[in-house]
Amino acid sequence: MSQDYTSVEEMIQQDPVFGQVSFNNHEQIVFCNDKDTGLRAIIGIHNTVLGPALGGTRMWQYKNEWEALNDVLRLSRGMTYKSAITGLNLGGGKAVIIGDAKTQKTPELMRRFGEFVHSLSGKYITAEDVGMETEDMDTVREVTPYVTGISQDKGGAGNPSPITAYGVFMGMKAAAKYKYGSDILEDKTVYVQGIGNVGETLVEYLTQEGAKVVVSDINQGKLEEVRDKYGATIYGGTNLYAEKMDIYAPCALGATVNDDTVDLLNCDIVAGAANNQLADEQKHGKRLQERGILYAPDFLINAGGIINVYAELEGYDRTEIMRKTENIYTTTIEILNRAHETGVTTHQAALEIAQARIDARKQEQLA
């Protein structure tokens with residue numbers, strides 16, 4: 001029987017995979033290695049009850065393999081619930097490639113990764129994530145059909161980031177409606193942490209609505225570009241979490257709501273694009289609830305990207321993509337109301353609805 005170990009060292013010695021907290025009954029974990037291209041990747045397939053596991057590939061310079069494994073496990077689990085709560089007939093999967101995307105990514109490496117994806121015969125379908133571009137998905141497509149997010153001129157739905165940002169914007173507006181009684185974000189102070197493709201587009205939506213946007217990122221050049229383009233303010237302080245703001249929008253890597261930050265947060269709402277924003281879903285979700293901070297579940301409001309790439313599999317058009325993404329607003333309101341009525345955290349409320357859909361499908365399959 002698995003248990004929660006207190007140290008990484010113990011886990012490595014005893015149960016390095018099945019004993020890990022983030023291992024949540026995953027169906028399959030595939031370790032991919034290729035000496036010639038330098039590929040070191042992990043594919044996590046969490047659940048395929050609703051359909052094939054679809055989730056992006058992330059290339060990142062992880063500190064160690066353990067950190068990479070933990071990331072792919074958490075991300076693939078999140079994809080299961082993201083698809084389920086959005087009503088898509090997809091399971092949850094994710095892949096990580098260990099390495100620096102700027103210096104180590106090559107067409108040969110991407111094609112070799114695509115061959116590993118192909119070996120799973122469609123059980124896992126990949127897509128774009130951090131460290132990846134649409135062109136990389138085009139390269140993967142050369143060796144396998146099990147990839148989405150390819151270029152529009154090749155018949156794909158293109159870069160999912162703008163649709164992801166639109167979904168986050170819809171979820172943020174729904175949270176504002178619930179919290180303030182109005183979904184108008186004009187004059188609301190929003191701190192956007194992480195100005196990648198999704199973060200920048202979210203800044204555009206917010207500034208168009210008249211929000212006061214403050215941006216933070218490790219890339220100073222990108223910050224200045226966004227400032228000049230949209231009139232956003234660059235954050236110049238030392239502790240973003242303690243700053244007074246209306247909405248905190250984490251749009252970079254996950255786990256920014258953690259033991260060190262959860263009691264510092266000085267906002268009304270947490271609503272962003274990052275995956276796995278709560279380092280500990282139960283503990284930190286509960287703490288936000290106790291502090292009166294409304295949390296818009298990340299796997300719900302950042303589902304626009306998967307809605308976009310799912311269009312390639314189902315063949316629906318741009319109009320339907322936008323309609324499904326706009327529906328994130330309605331679903332967010334439903335989740336927030338359910339959490340209030342049942343007394344659970346917003347994250348738990350969303351999780352329960354997603355899990356109920358998976359359980360119902362499983363019962364259908366067993367009948």
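**Views of a predicted protein chain**

**View 1. Contacts across the chain.** Among contacts (heavy atoms within 4.5 Å) in the protein chain between residues at least 6 apart in sequence, 66% join residues at least 24 apart. This is a predicted model, where local features need pLDDT of at least 70, side-chain atom pairs count only at pLDDT 80 or more, and totals for chains, interfaces and linings use all residues. Residues are numbered from 1 along each chain as its sequence is written, and side-chain values use heavy atoms, leaving out hydrogens and water.

**View 2. The overall fold.** You can look here for twelve helices and twelve strands, which are DSSP runs (H or I, at least four residues, for helices; E, at least two, for strands) numbered from the N terminus. The C-alpha atoms fill a box of roughly 50 × 45 × 45 Å along the principal axes. Of the 367 residues, 55% count as buried, meaning under 20% relative accessible area with a 1.4 Å probe, protein chains only.

**View 3. Helix H12 from end to end.** Helix H12 covers residues 346-366. Its 21 residues should span 30 Å at 1.5 Å a residue, and its end C-alpha atoms are 31 Å apart, which agrees. The expected span is 1.5 Å times one less than the number of residues.

**View 4. The buried residues of H12.** Which residues of H12 are buried? They are Thr-346, His-347, Ala-349, Ala-350, Leu-351, Ala-354 and Ile-358. An α-helix has 3.6 residues a turn, so residues three or four places apart point the same way. Among the elements covering the buried residues of H12 are strand S2 (39-47), helix H2 (65-86) and helix H11 (318-342).

Conventions
Buried means under 20% relative accessible area, exposed over 50%, partly exposed in between (1.4 Å probe, protein chains only).
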